[in-house]
Amino acid sequence: MVAFKDILKQAASMQEAAVAVVCAEDREVLRAVEMACESELANFILIGDEKKINDLIAAHYPSLPETGRVVTRQAENSHDAARKGVQAVSGGEASVLMKGHIDTASLLKAVLNKEAGLRTGSVLSHVALFEVPAIERSIIVTDAAMNVSPDLQQKVQILKNAVTVAHRIGLDNPKVAPLAAVEVINPAMQSTLDAAALTSMNNRGQIQGCKVDGPLALDNAVSMDAAAHKKVGGEVAGQADILLVPSIEAGNILYKSLMYFGNSQVGAVIAGAKAPIVLTSRADSALSKLNSLALAICSTN
């Protein structure tokens, strides 16, 4: 099991990590920064309205400057902050980009800028790691936030992004389950056809570094008992490390179910750019933001 305590230790061992925080004038974001500094995870460039940032720090996190791990940088507005954050990463000053009090569209516009952004030509996708108490292990879910209805080629890149993150946190040959509502190929259900194609591509060496087998329904992807009951065999059934969802709706619902019904810890990162991006929601706790920071830092290695 890959636990967040281990990921936090791994991130802390990477001494040169630096994070550019876009529009850092946000109390919960600064709480996560404080927790990260206390854990010696990284140094931070806090970009935004310097007065508001410093006022928040003075009021709520007065010991933060004493860590010697934060610097502030003035930005005229959110667009300027996004540009400066991306510039810090592309210029090598920071290795991770983090969203603060800015809307996702504005941040991604700067990330995807053709001239000065962090594009690689690959699909950007959301990779979330959960510690799930109900199954007493960790599992990766992708993509719950970026790609609405990915086609086969997009799913290939989403899968590869997830596998890259898995490798960086110690899962050398993760088992991947492309999810569908059923575990058999049904020509009327595109998700089952895509899952079968991904499985074949993996078997033929077009997708490497993992074992793919699907389609699988959620129960027989994560439960050995369910897989045995339904007579679903293979190396992945009941043991999936990565759940590749068929659509953003499925991913988002699964993500929030694991959080709110499953009481799971979570950390997430946007992969596929030149550097990992921490794109947490304002509803996420400071602990989730800290986990996401640690996962992103480990993903830079």
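Me: How many bridges join strand β1 (residues 18–22) to β4?

Reply: In this predicted model, residues are numbered from 1 along each chain as its sequence is written, local features need pLDDT of at least 70, side-chain atom pairs count only at pLDDT 80 or more, and totals for chains, interfaces and linings use all residues. Side-chain values use heavy atoms, with hydrogens and water left out. Strands β1 and β4 run parallel, where strands are DSSP runs of E with at least two residues and helices are runs of H or I with at least four, numbered from the N terminus, and where two strands pair if DSSP finds at least two bridges between them. Ala-20 stands opposite Leu-97 in β4, and the number of bridges that join β1 to β4 is four.

Me: Which residue in β11 stands opposite Met-98?

Reply: Strand β4 also pairs with strand β11 (residues 277–278), in the parallel sense and over two bridges. Within this pairing, the residue opposite Met-98 is Val-278.

Me: Are the residues on both faces of strand β4 (residues 96–99) buried or exposed?

Reply: Val-96 and Met-98 lie on one side of β4, while Leu-97 and Lys-99 lie on the other. Judged by relative accessible area (under 20% is buried, over 50% exposed, partly exposed in between, with a 1.4 Å probe and protein chains only), all four of these β4 residues are buried.

Me: Which residue in β6 is the bridge partner of Phe-130?

Reply: β5 pairs antiparallel with strand β10 (residues 265–271) over seven bridges, and there Glu-131 has Gln-265 as its partner. Five bridges join β5 to strand β6 (residues 137–142), again antiparallel. In β6, the partner of Phe-130 is Ile-139.

Me: At roughly what angle do the axes of helix α1 (residues 4–12) and helix α11 (residues 286–299) cross?

Reply: The axes, lines fitted to C-alpha atoms over the stretch in contact with angles from 0 to 180 degrees between N-to-C directions, come within 8 Å. Residues in contact (heavy atoms within 4.5 Å) include Phe-4 and Ile-7 in α1 and Leu-290 and Ala-294 in α11. The crossing angle is roughly 55°.
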